Amino acid sequence: MRSPVPDYLDEVLQACGGIQGETADYIPELAKVDPSLSAVALSTVDDAHHSAGDAKHRFTIQSMSKPFAYAVAIEHLGWDAVHAKIDVEPSGEAFNEISVDSETGRPHNAMINAGAIATAGLVGSFERFADFASRLAGRELRVDEAVYESEMGSTHRNLALAHLMAAYGIVEDPRDAVERYVRQCSLAVDVRDLSRMAATLANGGVHPETGERIMAERTTRQVLSVMATCGMYDAAGDWLSTVGIPAKSGVSGGIIGVLPGQVGVAVFSPGLDAHGNSARGVEMMRRLSDDMGMHLM
Ligand code: DON
């Protein structure tokens, strides 16, 4: 007999299976992904795990890396130094907009590309980020080199953002910051990895499986606040009113959500909506939030 949670997750996948979107094509490797893939995973703060669908399918973490890189920067340099370079205000614009202060060049937040490129510059090294993400996932995460090369071949806009911020002293070495950022976006994960990573944020920075403190509780508070207000870009207000939990999407089709004190959630489906968020993933998250009473307000 199957347990009720996987049965319920299967129901969610089936109910949302008809929703279509367009796979991202500005990174040529992402356009090749099978749009019918769908998966969901939950990890609780007491270390229970459930998943359904194509839960073993690996895809690149893309912008879902941004909250974790932000956490590494805060842990590495301290909050004041990070806040001096990256603000915490929603931009209300698309993820790749020139959302920087016109006088100081300071990006509006760490969840948009400008802020994430500045963050990558502050983190110190790609290895520091990869090690942190791997500890959260509970296995060694590796870069999908084909996706990395594919994005590096077309990342003119990110290079332009980095050069603009370099002109203001926000970024020191624009090429290096973008290479690190794109490498961080190219880590291959599945929904089970992502729900585990989200569960440590839900658990105040303590890894639910090992009991190890991976980041300060204050760091998780900062990261979750910015995810809540900025994680879904120009759909952030709609997201907070309908789903009601801090979240972050990625252009590969994943979304992570965090219900503090309770659970980390990850969904995946590669077809995107007009905001660059997974079309099916958004609906899966809405259902999960409604059915499980996850909305924080
Ligand atoms: O910078 C980019 O364009 C990508 N590496 C990441 C963008 C992304 O995931 C946007 N999220 N929905």
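Two strands are said to pair if DSSP finds at least two bridges between them, and strands (E, at least two residues) and helices (H or I, at least four) are DSSP runs numbered from the N terminus. This is a predicted model, in which local features need pLDDT of at least 70 and side-chain atom pairs count only at pLDDT 80 or more, while totals for chains, interfaces and linings use all residues. Residues are numbered from 1 along each chain as its sequence is written, and side-chain values use heavy atoms, with hydrogens and water left out.

Leu259 stands opposite Val263 in S7, and the hairpin of S6 and S7 has three residues between the strands, where Gly261 takes a positive phi near 80°.

| Partner strand | Residues | Sense of pairing with S7 | Bridges |
|---|---|---|---|
| S1 | 39-44 | antiparallel | six |
| S6 | 254-259 | antiparallel | six |

Buried means under 20% relative accessible area, exposed means over 50%, and partly exposed lies in between (1.4 Å probe, protein chains only). Six of the six residues of S7 (residues 263-268) are buried, so the strand is largely enclosed by the rest of the structure. In a regular strand the side chains alternate between the two faces of the sheet. Both faces of S7 are covered, with Val263, Val265 and Val267 buried on one side and Gly264, Ala266 and Phe268 buried on the other.

**Cores and a buried glutamine**

A nonpolar core is a set of buried Ala, Val, Leu, Ile, Met, Phe, Trp, Tyr and Cys residues joined through side-chain atoms within 4.5 Å. The largest such core holds 71 residues, of which Phe129, Leu194 and Met197 touch the most other members. A second, separate core of 23 residues includes Tyr8, Leu9, Ala52 and Met232.

Contact means heavy atoms within 4.5 Å. Leaving aside neighbours within four places in sequence, Phe129 is in contact with residues including Phe68, Val72, Gln184 and Leu187. Gln62, placed in the loop between strand S3 (59-60) and helix H2 (66-77), counts as buried because its relative accessibility is 3%. Not counting residues up to four places away in sequence, Gln62 touches Ile27, Leu30, Val147, Glu151, Cys185, Gly250, Val251 and Ser252.

Leu164 lies in helix H7 (residues 156-167) and is partly exposed, with a relative accessible area of 32%.
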